[in-house]
Amino acid sequence: MPKPASWTELLASANDGDVVAFDSAFLEQWNGKTFAPTEDDKAAAAKLHIELVSRITTQHLPYVDGEEAAALTSVYRLFAEAREIFKDHPASNATDAIVWHVMNTHVRPFTAKWHRQNERGALAALDATDIFRHELAALQKYLVRFDALLTAIRDETSLPEVQQPGSARRQADIAHEMATDLAWGIHEQLGGLAPETAQAINAEEREAVGARRAHYAGRLGLILPAELEAGWADRPHAAALAISGGGIRSATFALGVLAALARRNLLYQFDYLSTVSGGGYLGSFLTTFLSTPTPPAGSGEIGLARDDLPFRRDDGEAAALRHVRHHSKYLATGRLWERLQMAGAQVYGMAMNGLGFASVAVVVALAERILRSLLPGAASFW
């Protein structure tokens with residue numbers, strides 16, 4: 001590869017679209033400086049390159065592997081490694097300035113934020129770990145280009161081709177799986193039912209799903225997305241939306257997801273709804289609402305489209321969804337008698353617990369009294 005004419009040319013080549021490793025103010029400091037790294041520059045760049053490629057900083061962290069706290073520690077230790085490297089190579093002025101600019105501008109905000117979060121225990125929560133992995137992936141886009149820059153300094157050449165982190169084979173497997181037709185219905189041999197029963201269920205489900213699709217295709221007309229106009233109602237596979245468990249947090253999160261999908265006219269494209277545990281709160285609400293035979297007069301149509309109940313927005317939020325949020329009391333109903341029953345059950349439970357402890361004390365006192373009567377003059381247990 002050819003040698004860059006100047007440091008500015010090399011540094012500018014490390015920027016790529018939204019990944020701006022070096023801003024214009026930093027690049028201006030290198031105007032007119034010929035690209036001529038010293039031996040210390042090259043050695044320091046080579047050592048730091050080894051640290052980068054051997055850490056999670058430039059390696060993909062798949063969701064099924066790795067530990068977030070360990071990944072954070074690996075990124076944070078780059079600062080200590082860089083300090084030791086530059087102590088050993090004091091004449092690496094150019095590499096030193098470039099490295100600390102990247103570390104302080106792009107790496108330090110990430111480690112500072114997540115160090116505090118980790119101390120509070122955030123990386124033990126699933127939601128926070130998802131955010132951490134997302135932000136780590138964003139940081140890695142800068143670091144892989146930074147690593148390529150280090151190799152350019154080491155070899156005194158232009159920036160080599162940059163490979164973003166990730167498993168090419170894994171991505172290819174996912175793409176192949178997503179492109180494969182998905183079998184629909186109960187398997188006639190492996191479904192656990194008699195073949196004729198499985199065939200009958202599959203036929204009825206296909207008919208019901210086809211009728212539902214035709215209903216929405218006819219209603220929405222030109223609103224139907226272009227990619228769905230060509231055979232959406234007749235596509236050979238079904239799509240399902242799964243809402244996971246997790247109590248009220250799961251139901252609250254899923255409520256926002258369903259509202260967002262409906263607002264973009266995407267929700268009706270799902271043929272099945274599957275829920276578990278906390279997701280069942282919201283799933284029950286939605287299926288009950290859709291099963292309403294007749295909507296209130298003047299309220300509009302019930303369905304899954306953008307302007308249907310329960311997702312039609314009024315004053316910023318759909319009235320039905322606002323009601324769900326404001327009245328999600330799973331332990332207290334609206335009737336006074338039922339609330340009194342709930343309070344009575346709680347008082348009864350506390351009373352029974354108290355009687356249990358009291359009975360233990362009574363048994364001990366009784367045993368002591370009997371022992372005293374059998375052994376006059378014996379020392380008391382107390």
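Figure 1. Asp 271 lies in the loop that runs between helix 10 (247-263) and strand 2 (272-275); helices (H or I, at least four residues) and strands (E, at least two) are DSSP runs, numbered from the N terminus. This is a predicted model, in which local features need pLDDT of at least 70, side-chain atom pairs count only at pLDDT 80 or more, and totals for chains, interfaces and linings use all residues. Residues are numbered from 1 along each chain as its sequence is written, and side-chain values use heavy atoms, with hydrogens and water left out. Asp 271 counts as buried because its relative accessibility is 12% (buried means under 20% relative accessible area, exposed over 50%, partly exposed in between; 1.4 Å probe, protein chains only). Its side chain makes polar contacts with the side chains of Arg 212, at 3.1 Å, and Arg 213, at 2.7 Å. A polar contact is a pair of N or O atoms within 3.5 Å; within protein, one must be able to donate a hydrogen and the other to accept it, and residues adjacent in sequence count only if both atoms are side-chain atoms.

**Figure 2. Surroundings of Val 276.** Val 276 belongs to the loop between strand 2 and helix 11 (279-290). With a relative accessibility of 48%, Val 276 counts as partly exposed. Leaving aside residues up to four places away in sequence, Val 276 touches Ile 243, Ser 244 and Gly 245 (contact means heavy atoms within 4.5 Å). Val 276 and Ile 243 are 33 residues apart in sequence, while their C-alpha atoms are 6.7 Å apart in space.

**Figure 3. Packing of helix 3 and helix 4.** The axes of helix 3 (residues 39-53) and helix 4 are 10 Å apart, and the two helices pack at an angle of about 160°. Helix 3 is therefore roughly antiparallel to helix 4 (angles under 35 degrees count as roughly parallel, over 145 as roughly antiparallel, 65 to 115 as roughly perpendicular and the rest as oblique). Axes are lines fitted to C-alpha atoms, for helices over the stretch in contact, and angles run from 0 to 180 degrees between N-to-C directions. Among the residues that meet are Leu 48 and Leu 52 in helix 3, and Leu 78 and Phe 86 in helix 4.

**Figure 4. Packing of helix 4 and helix 5.** Helix 4 (residues 68-88) and helix 5 (residues 93-119) have axes that come within 10 Å and cross at roughly 150°. These two helices are therefore roughly antiparallel to each other.
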